[in-house]
Amino acid sequence: MANRRFKQIVAFGLALTMTAGMGAAAAYADDGENIVLRFSWWGAEARHEKTLAAFERYHELHPNITIEGEYSSIDTYYQKLVTQFAGGTAPDIIQIDQPWIEDFAMQGQLLEDLNDYTDIIDMSTYDADYLAGWCMNGDRLEALPLGLNGYTTMYNKKALEAAGIEIDSSTELTWDDILTLGEQYKEANPDGIFLHTDPNTLEKNIFRPYVIQQYGGYFLNPDFTIGFTRESLINAYNYLIELSDRGIIQPLNETATFDGKIDQNPVWVNGQAALCIRWVSDLQQLLNDNVDIGVCRIPVNEGAAETGINCKPSMVATIYTGSEHKKEAAEFINWMVNDEEATTILADCRGVPPTERQRTQLQEAGMLNAAMAEGISIAVANAGTPQNGLSDNAEVTAISLDIIARVLYKQISPEDAADEMIQRTEEKLETLKNS
Amino acid sequence: MKKRWKRFEGYVYIAPWLFGFFALQLYPLVVSFIYSFTDFSMLKEPHYIGLKNYIQAFTNDPYFFKSLGVTFMYVLYALPGKLVFALIIAVILNQKIRGIGIFRTLYYLPSILGGSVAVSILWRFIFMKDGMLNNILGVFGFEAFDWIGNPATSLFIVALLQIWQFGSSMVLFLAGLKNISPEVIESARIDGAGALQRFFRITLPLLSPIILFNFVMQMIQLFQDFSAAFVITPNGGPLKKTYLYGMMLYQNGFQFFKMGYASAQSWVLFVIIITITGCIFAFSRKLVHYEDE
């Protein structure tokens, strides 16, 4: 009998625990005075440490506010965020990539209009044109930049020196230089790779600038038409074949394993790779004991219509419309970008900071990575068309990557590849236009 | 009072399961069916678009048949391998050897690790070009081969991970083997049947219901497989050679915002699986031997 009673109690207990578990999440978010804010971002170790340190300091200053970090690597960040949006559980403050503003705008109002928070966030520190150019969804200001970014060539000084190749920050490489220097490098270091890539880098930072430089303008136009031409694609595919056939880049199948983790590829880790074309904000992630990074302009052929250098905010801070603590979220963002102490704590963990005040402070304190600052100024000085969010559409990128892979595996000729790219991109644009 | 409680009691015990079943299985099942006729994008209100998703999958999706083909190849690689391997190990572990319990546990271990991400990452490090396998082969003078990056081998490497996780089928086989009465085998032996004859003529037919069960369960699971392939070859591998159906669903739903389309594709997979399962059951009547018949 006692045993039976016991079983009943256990059963009820179990059932209760389940309901309690579901209720707990709601109860814990807000018990009057104490507020928990959730902040999500992606990045490498240094960014995690500094961001968490900033949360801790903010909690000391505002004991009733606790900020919880949700961080992951970039490769799954977007999907997780979309799922959270769908479930209404997205964090209060979300670090997103600038092109996503446009992406999310097509899906409804997910991000707060920060124009409503001008009394909390001091935006006078930002360049107004910069905000207008990068952070607007119609007349809604949906984001604040946390860092500046642009394409740059990063070269490993140690590897180049060993191979007897001279490149400095004033070198203006052409794509043909990459081929000739690449072969020179290969002779000095047969196991080395001159141009370090992963599939995504190959598509975004090499293929696209090469295409865009030929005509100048958008990759995909804002009116849902293609910007690229058949000829520009064919030339770019042919160039990629050159790179691959001459062994200037690592075969696609070997880099695929490290897609999105370019800094973890043994070729780079061991200092066997010479250069890499990436966002300036990736610089710190790419540093290691075998790598000493210098920067210069990305390769541009003579007579190019433009440089194809994409300059934009590296990461932007947004507030989720579903947040229950929007005011507190705005207060934290204000502290993050405008407080001197916050600037000291966060330093350049999100790339070169976006406001003049932050940059001056860090420079005076000697806390701004010199190569990074140089990379930004070279990129800005040579900036090309600021590419729109549409051009960054995930499905178009996937189509382009798939076609590049087939070109490099010699499954399709550059001409057929160009035709397929045009046809499939136009199909996709048609559906995007009608949605 | 007491009587009423008694009627109620059972439901309380299975309440956690019931909750899981309704909230995590039945609800998504029904909802995905509804979504499959819409242009649902996860974030925006869905609109009814009729059979458009289904028509698109069959007529205008360059990856649909490709991915289906990859998935069939994957099942063809992994299913026989897994079952044969599980059966062989089960037969060996059915011997009376000292410390057999330890061996049984050891062989079951890979399955506990399951399709977990950690194991998949480990797999990547074993088979990548600078990986463990090539290092070992290098000692014997073989040149490094890119197992995962080569379109000819990548799918097989992913399937191999599945084959390696033969534990759950093995345990079922082992239980089946224990159920076969030693008298039957013994009398066959006395009648002069050799070891192979005893295995193929006595053991295997008596084991056939379990073989069928394992075959069907593993097949269904393989058709729906996702995580290992996704971790080892994030974008569907070289030339999409490991672009399993599950990966296509994931990409359409969570990367491209085409949840309605992904729902439709998952229902197509459901129909495929149920048709094949039905065929297997119909076909199996001649092959499977039930002892009580």
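A pocket here is an open set of grid points with protein on both sides within 12 Å along at least five of seven lines, and a residue lines it if it has an atom within 4 Å of a point. I'm keeping that in mind for a predicted model.

Entry: Of its 43 lining residues, the closest to the centre are A:Glu395, A:Lys428, A:Thr431, B:Gln56 and B:Lys258. Next I asked which helix gives the largest share of the lining. That's α18(A), with seven residues. At least two residues each come from α17 (394-408) and α18 (414-434) of chain A, and from α3 (52-59), α13 and α14 (259-284) of chain B. By class I noted 16 nonpolar, 16 polar and eleven charged residues in the lining.

**Entry: the chain B side.** On the side of chain B that touches chain A, α1 (2-13), α2 (15-35) and α13 (245-255) each give two or more residues. α1(B) gives the most, six residues. I sorted that side into 19 nonpolar, six polar and nine charged residues.

**Entry: the whole contact.** I logged 34 residues from chain B and 39 residues from chain A. About 3,300 Å² is buried between them, 62% of it from carbon and sulfur atoms. In chain B, the most area is lost by B:Leu43, B:Leu239 and B:Phe257, together 19% of what that side buries.

Conventions. Residues are numbered from 1 along each chain as its sequence is written. Chains are lettered from A and ligands numbered from 1 in the order in which they are written. This is a predicted model: local features need pLDDT of at least 70, side-chain atom pairs count only at pLDDT 80 or more; totals for chains, interfaces and linings use all residues. Side-chain values use heavy atoms; hydrogens and water are left out. Contact means heavy atoms within 4.5 Å. Buried area is the accessible area (1.4 Å probe) that two parts lose on being put together, summed over both. Helices (H or I, at least four residues) and strands (E, at least two) are DSSP runs, numbered from the N terminus. Ala, Val, Leu, Ile, Met, Phe, Trp, Tyr, Cys and Pro count as nonpolar, Asp, Glu, Lys and Arg as charged, and the others, Gly among them, as polar. On a 1 Å grid over the protein atoms alone, a cavity is a set of points where a 1.4 Å probe fits but cannot get out, and a pocket is an open set with protein on both sides within 12 Å along at least five of seven lines; lining residues have an atom within 4 Å of a point.
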